[in-house]
Amino acid sequence: MRSNNTSAFLRPLPIATLPVLMALVVPAFGPAGTRPLRAPYPAARVASTPSLTPAGKLTVFAGTGSFGLPRPGPATKSALAGPTAVALDVHGDLFIADHANNMVEEVTPAGKLSVVAGTGKPGLPTPGPAIKSALNAPSGVALDAHGDLFIADSNNNVVEEVTPAGKLSVVAGNGHVGSPTPGTATKSALDDPSGVALDAHGDLFIADYNNNVVLKVAPAGKLTVVVGNGHGGPPTPGPATKSDLNNPSGVALDTHGDLFIADSNNNVVEEVTPAGKLSVVAGNGTLGPPVAGPATKSGLQGPSGVAVGAHGDLFIADWANNVVEEVTPTGKLSIAVGNGDEGPPTPGSATSSPLGGANGGPTGVVVGANGTLFVSDQGNNVIEEVKY
């Protein structure tokens with residue numbers, strides 16, 4: 001479970017998932033008291049895995065690369081602090097979960113950054129103006145068709161909604177750590193909500209990281225468990241509520257209502273149909289570099305975020321491999337962003353650029369209507385844009 005030190009990054013992976021001989025030393029990162037998202041995985045080279053599509057062109061869309069407070073104005077002149085997730089609205093505005101800054105920023109298509117939620121100080125949420133409310137390590141963001149913003153406020157164990165007018169309210173979680181209780185969403189405990197997504201009906205899906213479940217909150221506010229039995233373990237194909245999960249960290253939906261889950265400590269991505277049937281669609285369950293070809297035969301290392309394009313292509317933020325993979329609807333995997341090396345991003349060919357660093361790799365990804373990718377590069381404190 002995440003430390004209550006509110007300057008800390010998201011979560012360390014359970015040591016049981018790491019190789020026995022891995023050094024258990026976590027390097028310092030950012031201001032005093034901060035730490036990385038997870039304990040580091042062993043480095044893995046992935047440059048031999050080709051891209052299925054022509055390499056996109058990568059540029060930095062937000063962030064200077066420095067760890068620090070955001071500055072309204074040109075997004076590339078503003079610091080960020082461990083951004084962990086990104087989301088787009090119907091107008092092409094990008095929203096950033098700026099984890100260690102305890103804020104959510106918005107960046108317009110013209111590249112202008114502003115803060116839309118959070119004061120920058122960790123604390124409990126206050127209903128009312130979103131920019132006057134504290135947040136505590138926001139980890140996930142999503143938007144509905146009406147422009148309402150939803151925030152997975154991890155250390156507060158709640159999910160907030162911010163209207164287009166800037167009014168914040170809590171829509172899930174009672175602020176206490178505990179197992180979820182079906183019924184009224186705001187009366188249920190959560191334990192480290194990490195990712196959020198919405199379907200076409202306005203149903204909110206929450207990756208409840210430490211509870212090893214995915215929850216659904218209907219527009220009327222009723223909460224149910226839709227994936228996971230609450231036990232940490234490998235997934236079992238079949239009824240989704242009978243399967244184990246192991247720290248789900250990201251969720252996304254396609255146009256058919258299929259739910260995709262970044263099951264980070266199982267090193268797989270699962271798909272759950274609207275009928276509730278679970279299957280693994282990427283990853284073989286072992287820590288390892290990605291291998292081009294059938295997605296379920298490839299290794300992954302701590303997949304943290306997922307997104308689905310308009311044509312059904314699945315994109316995976318593969319945190320410790322320092323890449324974003326693409327999986328076609330026919331199940332073929334390739335690299336879309338990153339060369340597998342740690343380092344500052346290099347403008348140009350997306351598959352030739354490093355991503356991440358010793359303190360974190362790509363944690364979130366979102367796809368625009370035109371196929372443009374945005375990647376939250378936690379270790380580099382930037383958001384990259386990849387155009388095709």
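The model is predicted, and local features are reported only at pLDDT of at least 70, side-chain atom pairs only at pLDDT 80 or more, whereas totals for chains, interfaces and linings use all residues. Residues are numbered from 1 along each chain as its sequence is written, and side-chain values use heavy atoms, with hydrogens and water left out.

The chain contains zero helices and 30 strands. Of the 388 residues, 60% are buried. Here buried means under 20% relative accessible area, exposed means over 50%, and partly exposed lies in between, with a 1.4 Å probe and protein chains only. The accessible surface of the chain is about 14,500 Å², and carbon and sulfur atoms hold 58% of this surface. Accessible areas come from the Shrake-Rupley method with a 1.4 Å probe, and for residues only the protein chains shown count as cover. Among contacts with a separation of 6 or more, 46% are between residues 24 or more positions apart; a contact means heavy atoms within 4.5 Å.

Strands of a sheet pair through backbone hydrogen bonds, either parallel or antiparallel. In this analysis two strands pair if DSSP finds at least two bridges between them. F95 has E106 in β5 as its bridge partner.

The loop between β3 and β4 holds D93. D93 is buried but has no salt bridge, and the nearest side chain of opposite charge, that of K112, is 11 Å away. A salt bridge requires a side-chain nitrogen of Lys or Arg within 4 Å of a carboxyl oxygen of Asp or Glu. For charge, Lys and Arg count as positive and Asp and Glu as negative, while His and the chain ends are not counted. When neighbours within four places in sequence are set aside, D93 contacts A87, L88, E106, V107, T108 and P109.

G305 is placed opposite A317 in β24.

Strand β21 (residues 277-282) runs antiparallel to β17 and is joined to β17 by two bridges. In this pairing P239 stands opposite K277 of β21. Four bridges also join β21 to β20 (residues 268-272), again in antiparallel fashion, and V272 stands opposite L278. β20 and β21 form a hairpin with four residues between them, and G276 in the turn has a positive phi of about 90 degrees. The loop between β16 (222-227) and β17 (238-239) contains T236. T236 counts as partly exposed because its relative accessibility is 45%. Apart from residues up to four places away in sequence, T236 touches S243 and L278. The C-alpha atoms of T236 and S279 are 7.6 Å apart, although the two residues are separated by 43 residues along the chain.

Most residues other than glycine have a negative phi, and most peptide bonds are trans. N157, which is not a glycine, has a positive phi of about 55 degrees. N157 lies in the loop between β9 (149-153) and β10 (158-162) and is buried, at 6% relative accessibility. N322 also has a positive phi, near 55 degrees. The loop between β24 (314-318) and β25 (323-327) holds N322, which is buried with a relative accessible area of 4%.

Rings of Phe, Tyr and Trp (its six-membered ring) count as a pair if their centres lie within 6.5 Å; planes under 30 degrees apart are stacked, over 60 edge-to-face, and the rest tilted. One aromatic pair is found by this rule. The ring centres of F61 and F374 are 5.1 Å apart and the planes are at 70 degrees, so the pair is edge-to-face. The pair links distant parts of the chain, with F61 in β1 (residues 57-62) and F374 in β29 (residues 373-377), 313 residues apart. Both F61 and F374 are buried.
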